[in-house]
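Here are my notes on the model, as numbered points. Please read them with the structure open.

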Amino acid sequence: MSDSQPDSNDVREIRINPIVPSESVLVATARSMRPKKAEELAPRDTRKHVETCPFCRGNEHKTPPVILSWPPEGDWQIRMVENLYPVLGDDREQAGFNFGLQQTIDGYGRHEVIIDHYEHGIAVHEMAESHLAALFGVYQTRMRQLFESDERLKYVLIFKNFGPAAGASIPHTHSQVIAMPVVPENVDAEVRNSAAHYAKHHHCIFCALIDEALTFEATIYDRNSGAVRRKINVGQYVVERGEKFIAIKPFASRYEWEVHILPLAHQADFLDVRGEDMADLARVMKRTMARLDAVIGGAQYNFFLHSVPHDSQQTAHAPSYHWHLEICPRTSIPTGFELGSGLFVNTINPEQAAERLRAVEL
Ligand SMILES: [Zn+2]
Ligand SMILES: [Zn+2]
Ligand SMILES: [Zn+2]
């Protein structure tokens, strides 16, 4: 990180695609000042401490001011700071401007960084379960604080990029928090579609998928001959099961090694996870990440939390939406076909991927 400050001509706004309004683009020019990779980064930096790293202990003066740290007393293990190169910020509040077909929403919001662990290159599956439980607790605390601080904030996105293939520009393990005035389109689509399912079937589609994953076995017969065409044992999608949480390989996985973690009991809002249940979430997460790391051999990934938006429809959507964590390991680069069609190409059969993940001995 350098000392350069964003310049006042920087653009920071969400631009709505006039042809497909659901496709929006966040234009954030200050981001281009982020440290660029001088040389090809090693896929995984496993060092414990790096003298020059702004996120390592002893270099606290190199980061913007601290927002919170854990534990609150003594040496910090988890530390949260403002992002020096925010994609959204509250420093230049202005109304969105619209002219003709070109519409924008001002990029108002917050962008913060959570230094997940004091150890520079530690991977999630190497962290102690108690540490991971504390990290999920920090996610929850900050999400709550942000929603309570400003009613214009409709969504708080918590995500992690790990490894250069996943877009991480600083190798020290960290997560990010972006609080925004709009609900991201993909979350909105999940919320709308699960509400439509609920209206028709009177149950949460995520709960139904979990039930199927745990119990359902289906046989598909050939319509003409009556012969068995395919037997689907849906239980084969379960990667890891805890007491309160489950890790599932989605039937229609976009990424080869994509895995989702969900609470077993219905819960729309990540803010409602009870403190005593964080340990089970941490355990399922740690074991899932260990499986991914073993199969891929040093996973580079993004993960993100999807929770019910805090907009005017929050209460209405509580019965139909179910929060979850999506883990998307990056093993290939999207091609022209994927960008051009919006259709993800997955080269590994999800049933086989789940089987391989389950087979890892922990
Ligand atoms: Zn570091
Ligand atoms: Zn549910
Ligand atoms: Zn989702």
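1. Phe162 and Tyr301 are both buried. Keep in mind that this is a predicted model. For Tyr301 the relative accessible area is 3%, and the cut-off for buried is under 20%, so Tyr301 falls in that class.

2. Now the geometry of this pair. The ring centres of Phe162 and Tyr301 are 5.4 Å apart, and the planes meet at 25°. Planes under 30 degrees apart count as stacked, so this pair is stacked. The two residues come from distant parts of the chain. Phe162 belongs to strand E8, Tyr301 to strand E15, and 139 residues separate them.

3. Tyr301 has a further ring partner. With Phe303 it makes a stacked aromatic pair, at 6.1 Å centre to centre and 10° between the planes. Phe303 is also at 3% relative accessibility and therefore counts as buried. Together, Phe162, Tyr301 and Phe303 make up one aromatic cluster. In the whole structure, 8 aromatic pairs are found.

4. Of its 8 residues, 7 are buried, so E8 is largely enclosed by the rest of the structure. E8 pairs with strand E9 (residues 174-180) over 5 bridges, in the antiparallel sense. Here Ile158 stands opposite Val177 of E9. E8 also pairs with E15, again antiparallel, over 4 bridges. In this pairing Asn161 is opposite Asn302 of E15.

5. Follow E15 to its next partner. Strand E15 (residues 301-306) and strand E16 (residues 324-329) run antiparallel and are joined by 6 bridges. Phe304 has Glu326 in E16 as its bridge partner.

6. His260 is worth a look. Where does His260 sit? Its place is in strand E14 (residues 259-263). His260 is at 15% relative accessibility and so counts as buried. Its side chain makes a polar contact of 2.7 Å with the side chain of Glu258. Leaving out residues up to four places away in sequence, His260 touches Ile246, Ala247, Ile248, Pro250, Arg254, Leu325, Glu326 and Ile327. Glu326 is the residue already named as the bridge partner of Phe304.

7. Last, two arginines over rings. Arg57 lies over the face of Tyr118, at 3.9 Å from the ring centre. Arg79 lies over the face of Trp76, and there the distance from the ring centre is 5.9 Å. The cut-off for such a placement is within 6 Å of the ring centre.

Conventions
Residues are numbered from 1 along each chain as its sequence is written. Chains are lettered from A and ligands numbered from 1 in the order in which they are written. This is a predicted model: local features need pLDDT of at least 70, side-chain atom pairs count only at pLDDT 80 or more; totals for chains, interfaces and linings use all residues. Side-chain values use heavy atoms; hydrogens and water are left out. Two strands pair if DSSP finds at least two bridges between them. Rings of Phe, Tyr and Trp (its six-membered ring) pair if their centres lie within 6.5 Å; planes under 30 degrees apart count as stacked, over 60 as edge-to-face and the rest as tilted. Buried means under 20% relative accessible area, exposed over 50%, partly exposed in between (1.4 Å probe, protein chains only). A charge sits over a ring if NZ of Lys or CZ of Arg is within 6 Å of the ring centre and within 35 degrees of the ring normal. A polar contact is a pair of N or O atoms within 3.5 Å; within protein, one must be able to donate a hydrogen and the other to accept it, and residues adjacent in sequence count only if both atoms are side-chain atoms. Contact means heavy atoms within 4.5 Å.
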